[in-house]
Amino acid sequence: MYYQRILACKETNKVIKSLAISAFCALLAYVWAIVVGLSVRSMNPGLEREMATGWLMNELPLWAVAVFSGLVVCTILSTISSGIQSVVVNLNRDIYRVLNPRVSEKSAVQINRVLSVIVLAAAALIAMYFPQVLNLLVLTYSYSAAGLVCPIFLSYMLRHKGIITKNGLIAGMILGVGVCAYSMHFKSVIPYVIWGCLASGVAMIVFSKLDKKNPAYLEEK
């Protein structure tokens, strides 16, 4: 979501401002989570981690609960809206428009609406069957990192070398996710996401060496 919002900016100064605001909000949220988490844990050590906010709200005065509940609802709605928009953009622009580049803007808007309903329904089903989402979030972030860290950052670092190709990027994403899923079954000291990232980087470079006809970055003239 951060990347999509920043890349949507048309001016450099807005990009810098967005990065600064994002960093400040992330730091503020981190401090809030630490203070509240440690406080609730000291008062109720046996409480499950995801129940800390609910327990805290029961201990606050009624007016504070009303204000806090409003903030929580606004945060949830904003997160849902941003999450649905992010997924729909990925599905429509990064997948469907690649497969069907001649689609009209009117059809693309209709597809966005249909995908929004589908993604929202899927999110509701997941929320009902997986009420505690912490492990699921960690899992999805791990797969995302294993499949995207090297194709995004390593390829950008090597963009002037003419090494990375489009097929190399695809191979890096597929092998990164595959190795990450495979290594999950082994209780290694090294986290499985690290194995996925390493496999992604190696696969990306190896497959790029085998295929030099489709450079990922065009040389500037």
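Where is the place of S208 in this protein? I will come to that residue in a moment, after the overall picture. Please keep in mind that this is a predicted model.

Let me start with the fold. There are eight helices in the protein and zero strands. If you read along the sequence, the pattern is α-α-α-α-α-α-α-α. The protein is more spread out than a compact globule, because its radius of gyration is 21 Å, well over the 17 Å that the globule rule gives for 221 residues. Along the principal axes, the C-alpha trace spans about 65 × 50 × 40 Å.

Next, contacts and burial. Take the contacts between residues at least 6 apart in sequence: 68% of these join residues at least 24 apart. Of the 221 residues in the protein, 21% are buried.

Now the surface. The accessible surface of the protein is about 16,700 Å², and carbon and sulfur atoms account for 70% of that. As for charge, the protein carries 19 positive side chains and 9 negative ones. The centres of these two sets are 7 Å apart.

Back to the opening question. S208 sits in helix α8, which covers residues 192–210. Is S208 buried or exposed? Its relative accessible area is 1%, and buried means under 20%, so S208 counts as buried. And which residues does S208 touch, not counting residues up to four places away in sequence? They are I163, I164, T165 and G168. You can find S208 in helix α8 on the structure, and then look for those four neighbours, I163, I164, T165 and G168.

Technical notes: Residues are numbered from 1 along each chain as its sequence is written. This is a predicted model: local features need pLDDT of at least 70, side-chain atom pairs count only at pLDDT 80 or more; totals for chains, interfaces and linings use all residues. Side-chain values use heavy atoms; hydrogens and water are left out. Helices (H or I, at least four residues) and strands (E, at least two) are DSSP runs, numbered from the N terminus. The radius of gyration is taken over C-alpha atoms; the globule rule is 2.2 Å times the number of residues to the power 0.38. Buried means under 20% relative accessible area, exposed over 50%, partly exposed in between (1.4 Å probe, protein chains only). Contact means heavy atoms within 4.5 Å. Accessible areas come from the Shrake-Rupley method with a 1.4 Å probe; for residues, only the protein chains shown count as cover. Lys and Arg count as positive and Asp and Glu as negative; His and the chain ends are not counted. The place of a charge is taken as NZ of Lys, CZ of Arg, CG of Asp or CD of Glu.
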